[in-house]
Amino acid sequence: MKRREFTLPTLIGLLVATAGLISGLWLVQRQKNQAAFAVGADSPIGVKIANVNDTGFNVSWTTSNASAGFVQYGEGKNVPDVVVSDERDQQKGSVDNYFTHFVTIKGLKSNTLYTFKIGSGKGLYDNGGSNYQITTGAEIADQPAADVVYGQVVTGSGDPAEGALVYVQLPNTGTLAALVKTSGSFVIPLSTIRSKDANSFAVYSKSTNMTVIVEDGTLGSALLSTTAGGGSPIPQITLGNNYDFTTSSVNATDSATSSKFSQINPAWESQTNNPTKIKILTPKLGEQINSAKPQIQGQAPAGTKITLEIHSDEKIVASVVANKDGTFSYEVPNNLSPGEHTLTITAIIDGITQRITRTFTVYAVGESGLPAYSATPSATIRPSVTPTRSATPTPSPKPTATPKPTATPKPTPTGVVTGTPKPTPSPKPTATPKPTATPKPTPIAATTSAIPVVGNADWTWTMVLAGAIMLLSGTWWYKKT
């Protein structure tokens with residue numbers, strides 16, 4: 001009796017079919033796991049609605065993973081279908097990934113309900129099962145007098161906290177928000193703050209308590225308490241610190257190290273005329289200077305040693321001593337390059353280190369026209385750049401010699417003015433009001449195009465089909481032999 005055996009084609013078919021099934025299931029499961037991980041890392045954290053007025057509002061949030069962000073909104077209860085990208089993407093004309101997200105919706109109707117969803121990374125998120133919603137405010141004919149809050153935010157290492165989110169709140173009002181610029185500065189028009197229903201401008205005085213909150217995702221956050229009269233400018237904010245300037249003593253507490261320090265901003269105490277404080281008289285905050293060798297002047301107690309540092313393409317460090325009349329002066333010895341420069345002066349008075357930081361801009365030679373800035377409720381500063389003239393090319397050589405092309409000089413770039421100071425604050429923890437809690441976003445079903453393709457069923461079925469064909473071939477060969 002002939003013994004039946006599995007021949008080589010049969011074994012190969014079984015192995016291929018089994019391998020195809022296992023690998024296909026593994027690829028599909030891996031796809032699901034990666035998609036779930038991506039949605040979790042891109043999930044919006046701390047969603048806030050701010051800058052609500054009669055024509056628009058702002059939405060901001062952070063993510064634990066750098067991702068692209070947008071807002072998809074619609075009027076009334078209609079399905080949101082209009083997409084607005086991050087403010088930085090609109091300025092650059094391309095989409096990028098960020099840890100912080102800042103989207104401004106404009107051109108809306110007054111007293112109108114709008115709903116929206118948040119697009120973050122590969123997911124689309126709503127507010128706990130329903131769309132986010134906000135009602136725009138009423139039109140107000142009379143505009144209040146201009147009043148701004150501005151300052152600078154730095155990281156723990158002292159670098160500008162570019163992209164950080166800054167929120168300003170007064171008691172019983174809405175929230176204003178701004179995005180920290182490349183230089184670390186921010187500007188918020190406090191006079192545009194409205195009541196909670198956004199139908200009237202808020203009423204406040206210089207003594208009204210004001211809370212400033214900074215969020216920068218993985219880099220940390222900061223909290224500062226002051227008054228509405230103390231925001232022009234406010235002291236420099238360092239991420240990880242909490243500040244209280246509502247009392248007579250200016251203190252700050254580092255939440256990470258609990259170490260105390262004292263850093264004074266003269267603009268903060270400009271009305272006290274305290275002779276023990278250092279001041280910068282020129283250049284003024286955000287000043288535009290035609291001279292490449294500007295004169296630096298200030299005030300300090302007589303005999304005080306002042307250290308000056310100018311940071312730009314070139315770094316200049318010098319020391320001067322205050323005169324008997326309490327003034328000091330220093331002329332920059334070398335030409336500064338056109339553009340923005342940062343000046344820091346430091347002095348030790350009564351054993352306490354005092355430091356002031358501010359920015360100024362040096363014009364290029366022959367430059368005419370200045371960048372123009374206008375503060376908007378979203379605190380976006382958009383410079384209007386005046387183009388510089390191209391240099392006239394030199395004439396071509398005589399026909400006797402082989403002419404060489406003359407290089408046309410590159411136009412000199414116009415310096416960008418941020419117009420923000422770099423003051424530095426001082427230690428003391430406080431329990432300050434935190435912004436109102438916002439519902440946690442929940443992911444909703446994403447479209448097919450939003451899911452990353454890692455593995456699919458086509459390959460699995462191809463492997464199974466190949467295995468089945470080989471299995472049938474092996475069976476046929478077995479019967480034939």
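Modeller: The accessible surface of the chain comes to about 25,200 Å², and 57% of that surface belongs to carbon and sulfur atoms. Please bear in mind that this is a predicted model.

Biologist: What share of the 481 residues is buried?

Modeller: Buried residues account for 44% of them. The word is applied to a residue with under 20% relative accessible area.

Biologist: Why does Asp54 count as buried?

Modeller: The relative accessibility of Asp54 is 17%. The cut-off is under 20%, and therefore Asp54 counts as buried.

Biologist: Where is Asp54 found, and which residues does Asp54 touch?

Modeller: Asp54 lies in the loop between β1 (45-50) and β2 (57-67). Leaving aside residues up to four places away in sequence, Asp54 touches Leu108, Lys109, Ser110, Thr136, Gly137, Ala138, Glu139 and Arg194.

Biologist: What makes the pair of Asp54 and Arg194 a polar contact?

Modeller: The two side chains make this contact at 3.3 Å. A polar contact requires a pair of N or O atoms within 3.5 Å, one able to donate a hydrogen and the other to accept it; the value of 3.3 Å meets that distance limit, so the term applies.

Biologist: Which residues have the most contacts inside the largest nonpolar core?

Modeller: They are Val153, Leu190 and Ile237, in a core of 26 residues. At least two residues of this core come from each of β9 (148-154), β10 (165-169), β11 (175-179), β12 (185-189), β13 (209-215) and β14 (221-227). The largest share, three residues, is that of β13.

Biologist: What does Leu190 touch?

Modeller: Not counting residues up to four places away in sequence, the residues touched by Leu190 include Val148, Val149, Val168, Leu176 and Met210. There is also a second, separate core of 23 residues, with Ala300, Ile310, Val320 and Phe360 among them.

Biologist: How many helices and strands does the chain have?

Modeller: The chain has three helices and 26 strands. Five strands form an open sheet in the order β19-β25-β24-β21-β22, with mixed pairing.

Biologist: Why are β19 (288-289) and β22 (315-321) called edge strands?

Modeller: Each of β19 and β22 pairs on one side only.

Biologist: How do you know that β24 and β25 are paired?

Modeller: Strand β24 (residues 339-349) and strand β25 (residues 352-362) share eleven bridges in the antiparallel sense. Pairing requires at least two bridges, so these strands qualify. Within this pair, Ile349 stands opposite Ile352 in β25.

Technical notes. Residues are numbered from 1 along each chain as its sequence is written. This is a predicted model: local features need pLDDT of at least 70, side-chain atom pairs count only at pLDDT 80 or more; totals for chains, interfaces and linings use all residues. Side-chain values use heavy atoms; hydrogens and water are left out. Helices (H or I, at least four residues) and strands (E, at least two) are DSSP runs, numbered from the N terminus. Buried means under 20% relative accessible area, exposed over 50%, partly exposed in between (1.4 Å probe, protein chains only). Contact means heavy atoms within 4.5 Å. A nonpolar core is a set of buried Ala, Val, Leu, Ile, Met, Phe, Trp, Tyr and Cys residues joined through side-chain atoms within 4.5 Å. Accessible areas come from the Shrake-Rupley method with a 1.4 Å probe; for residues, only the protein chains shown count as cover.
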